[in-house]
Amino acid sequence: MSAPAVFFYAFGAAAVISALAMVLNVRNTVAAAMSLVVTMISLAVVYVVLDAHLVAALQIMVYAGAIVVVFLFVVMLLNLRHDAFAQRRERLVKGAGVVLALGAAFAFLNLVPKSLPTVQQIPADFGSYAAVGRALYRDFVLPFEISSLLLLAAIVGAVVLAKRRLS
Amino acid sequence: MAIPLEHVIGLSALLFAIGTVGALTRRNLIVILMSIELMLNGANLAFVGFARAWNSVDGHIFVLMVIVVAAAEVAVGLGIVIALFRNRESVNVEDVSLLRW
């Protein structure tokens with residue numbers, strides 16, 4: 001097994017384990033947020049193995065650096081007590097989970113592998129900053145500009161919502 | 001090219017499933033938002049895997065857009081959580097039934 005494959009499987013497993021730790025941790029929300037950081041950083045390593053270098057850098061900067069920090073701020077600001085799983089719907093959730101898991105496993109083992117394309121030889125600069133930047137500023141410049149509008153709306157919305165009182 | 005696409009899609013499906021379970025079963029609004037982030041990350045991983053399989057960088061652009069939307073969603077969502085906590089002293093979704101008939 002080559003070195004990139006080792007990294008892929010090791011950090012993929014780390015991402016899944018820390019994701020489970022986040023979802024199953026009912027005592028401590030801060031610890032759940034830290035598990036989310038581990039998931040994000042493991043996924044960044046997986047992106048590097050899959051030749052998505054710009055995406056990996058943004059994953060660390062935006063997700064692990066900004067989004068999870070905002071989560072931690074809010075958790076500490078609100079000083080939360082422990083929370084539990086939904087009590088009354090446990091049986092429904094379990095039944096639906098079993099059915100969905102069996103269906104998904106069946107689909108994945110039987111249908112998906114036949115329909116997937118085989119990975120071709122990719123050029124050396126695939127997913128580099130230059131290649132993604134070229135696509136972003138030539139073919140996708142309008143969505144790029146519109147996303148700045150979305151972020152502006154989100155900033156204004158967050159300030160309005162979290163402000164104590166509007167005068 | 002050691003890693004087959006099936007394994008990338010499998011990992012992405014696993015992360016998406018874990019996020020779905022968290023969003024459906026947890027009652028803490030903040031943890032539900034975190035689980036939604038996990039689902040978005042599963043989708044991102046699928047985009048990256050398919051981009052490599054088809055030798056096209058467009059999938060990476062989609063991932064950038066998803067990251068932008070996720071950041072906006074977290075900012076507004078946590079603003080709502082703070083406003084809610086100020087009014088109700090709780091972030092349990094069972095306490096928030098204003099729109100339920």
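**Two chains in contact**

The contact between the two chains takes 67 residues from chain A and 60 residues from chain B, where two residues are in contact if their C-beta atoms, placed from the backbone, lie within 7 Å. On the side of chain A that touches chain B, the elements giving two or more residues include helix 1 (3-24), helix 2 (29-49) and helix 7 (141-162) of chain A, while helix 3 of chain A gives the most, with 11 residues. The residues on this side divide into 56 nonpolar, nine polar and two charged; Ala, Val, Leu, Ile, Met, Phe, Trp, Tyr, Cys and Pro count as nonpolar, Asp, Glu, Lys and Arg as charged, and the others, Gly among them, as polar.

This is a predicted model, in which local features need pLDDT of at least 70 and side-chain atom pairs count only at pLDDT 80 or more, whereas totals for chains, interfaces and linings use all residues. Residues are numbered from 1 along each chain as its sequence is written, and chains are lettered from A in the order in which they are written.

Chain A holds seven helices and zero strands, which are DSSP runs numbered from the N terminus (helices H or I, at least four residues; strands E, at least two). Of the 167 residues of chain A, 25% count as buried, a residue being buried if 20 or more other C-beta atoms lie within 10 Å of its own, exposed if 12 or fewer, and partly exposed in between, with C-beta atoms placed from the backbone.

In chain B, the buried residues of helix 1 include B:L5, B:L15 and B:T25. The 21 residues of this helix (residues 5-25) should span 30 Å at 1.5 Å a residue, and its end C-alpha atoms are 30 Å apart, which agrees, the expected span being 1.5 Å times one less than the number of residues.
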